[in-house]
Amino acid sequence: MKIIIAGAGAMGSRFGLMLHQAKNDVILIDGWQEHIDTIKKYGLQANFNGEEVTEMIPIYHQNDVSSVEFSADLVILFTKAMQLDGMMQSIKNMVGEKTKVLCLLNGIGHEDVIKKYVPLSNILLGNTMWTAGLEGPGKAKLFGNGSIELQNLGDEGKESADEVIAVLNDAKLNAKYSDNILSSIYKKACVNGTMNGLCTILDSNMADFGETNVADEIVESIVSEFAQVAEKENATLDIEAVLAQIKSCYNRETIGLHHPSMYQDLMINNRLTEIDFINGAIVRKGEVYGIETPYCSFLTQLVHAKEQIMKAK
């Protein structure tokens with residue numbers, strides 16, 4: 001299958017590497033020039049569960065793809081939420097009538113942007129529990145296991161997604177179809193809405209935060225706000241299961257020593273974060289539904305203050 005990885009950061013690198021290893025025709029598109037130059041020169045390098053691997057995968061800057069001759073069967077979106085529209089605009093010449101677009105971005109509501117470029121029947125909305133990190137330009141750190149859930153937004157349903165699921169599973173990405181992806185997205189958003197912002201503000205990995213004596217109270221308060229908004233959008237959340245998922249992040253033997261993507265963006269790479277599309281989205285939706293969201297509001301404000309203090313770009 002001919003696949004575009006649109007956004008070749010940590011997660012895009014994981015998916016690009018694993019799909020390329022499974023003999024798909026993969027290209028990477030990104031906006032970080034040093035990352036692009038390093039991969040072009042040395043290949044995509046990764047510590048893959050303790051094994052050092054290198055895959056030579058074509059990569060392009062998103063501003064330089066208008067003349068690239070590549071007709072994609074599948075686009076997998078891993079951009080930052082605020083970069084989504086620009087990326088879709090950049091790759092539109094490589095997206096045809098039959099191209100499927102799988103959105104695995106953090107946050108809520110991205111289909112509203114994507115449907116400007118492709119019909120709903122070609123949009124696969126999903127979430128993934130895989131993790132990944134970047135140790136530097138062109139160098140990924142990939143560890144642990146994960147999974148993907150996805151749903152076709154058109155009337156075709158699972159039949160329209162079967163080929164994509166098969167390709168993902170051939171690459172050992174553990175994909176399955178969901179008839180209620182919105183609930184899964186809200187569950188993932190709860191994990192991101194706690195671990196991302198809190199670890200960023202506290203300059204902490206997930207295990208260290210989880211071992212504090214205030215972690216449970218803070219997490220439960222944030223999850224309660226997400227759950228109230230989700231209920232208004234007909235997305236059912238099993239709060240006990242969500243809290244168990246979050247607390248599993250504290251395990252030092254698995255992913256507890258990991259710094260979430262927002263931490264990597266701001267604290268390591270001095271980049272603006274996606275807080276407005278995670279906790280900030282809950283604040284905006286809470287205003288619409290008349291739901292108070294003080295924890296999400298305060299956390300969003302704190303992250304924005306941190307961005308300004310660090311002069312993030």
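What follows is a short chat about a few residues in this predicted model.

Reader: Let's begin with charge: which residues gather in a patch of negative charge on the surface?
Author: The residues that come together in that negatively charged surface patch are Glu-217, Glu-220, Asp-238 and Glu-240.

Reader: Okay, and where is Glu-217 found, and is Glu-217 buried or exposed?
Author: Glu-217 sits in helix 8, which covers residues 215-232, and its relative accessible area is 53%. Glu-217 counts as exposed because the cut-off for that word is over 50%.

Reader: Switching topic, what is the place of Glu-292?
Author: Glu-292 belongs to the loop that links helix 11 (279-289) with helix 12 (294-309), and with a relative accessibility of 69% Glu-292 is exposed.

Reader: How many residues apart in sequence are Glu-292 and Gln-228, and what about in space?
Author: Along the sequence, 64 residues separate Glu-292 and Gln-228, while in space they are 9.3 Å apart, taken from C-alpha to C-alpha.

Reader: Now for the backbone: what is the phi of Lys-23?
Author: Lys-23 is not a glycine, yet its phi is positive, at about 75 degrees. For context, a negative phi is what most residues other than glycine have. Lys-23 lies in the loop between helix 1 (10-21) and strand 2 (25-30), where its relative accessible area of 75% makes it exposed.

Reader: And what about the phi of Asn-270, and where is Asn-270 found?
Author: Asn-270, although not a glycine, has a positive phi of about 55 degrees, and its place is the loop between helix 10 (261-268) and helix 11. Asn-270 is partly exposed, at 30% relative accessibility.

Definitions and conventions. Residues numbered from 1 in each chain as written. Predicted model: local features only at pLDDT ≥ 70, side-chain atom pairs only at ≥ 80, totals over all residues. Heavy atoms only, no water. Patch = residues over 30% accessible without salt bridge, like charges linked within 9 Å, V, L, I, M, F, W, Y side chains within 5 Å. Areas by Shrake-Rupley, 256 points an atom, 1.4 Å probe, with all protein chains shown as cover. Salt bridge = Lys/Arg side-chain N within 4 Å of Asp/Glu carboxyl O. Lys, Arg positive; Asp, Glu negative; His and termini not counted. Charge placed at Lys NZ, Arg CZ, Asp CG, Glu CD. Helix = DSSP H or I, 4+ residues; strand = E, 2+ residues; numbered from the N terminus. Buried < 20%, exposed > 50% of the residue type's maximum accessible area, 1.4 Å probe, protein only.
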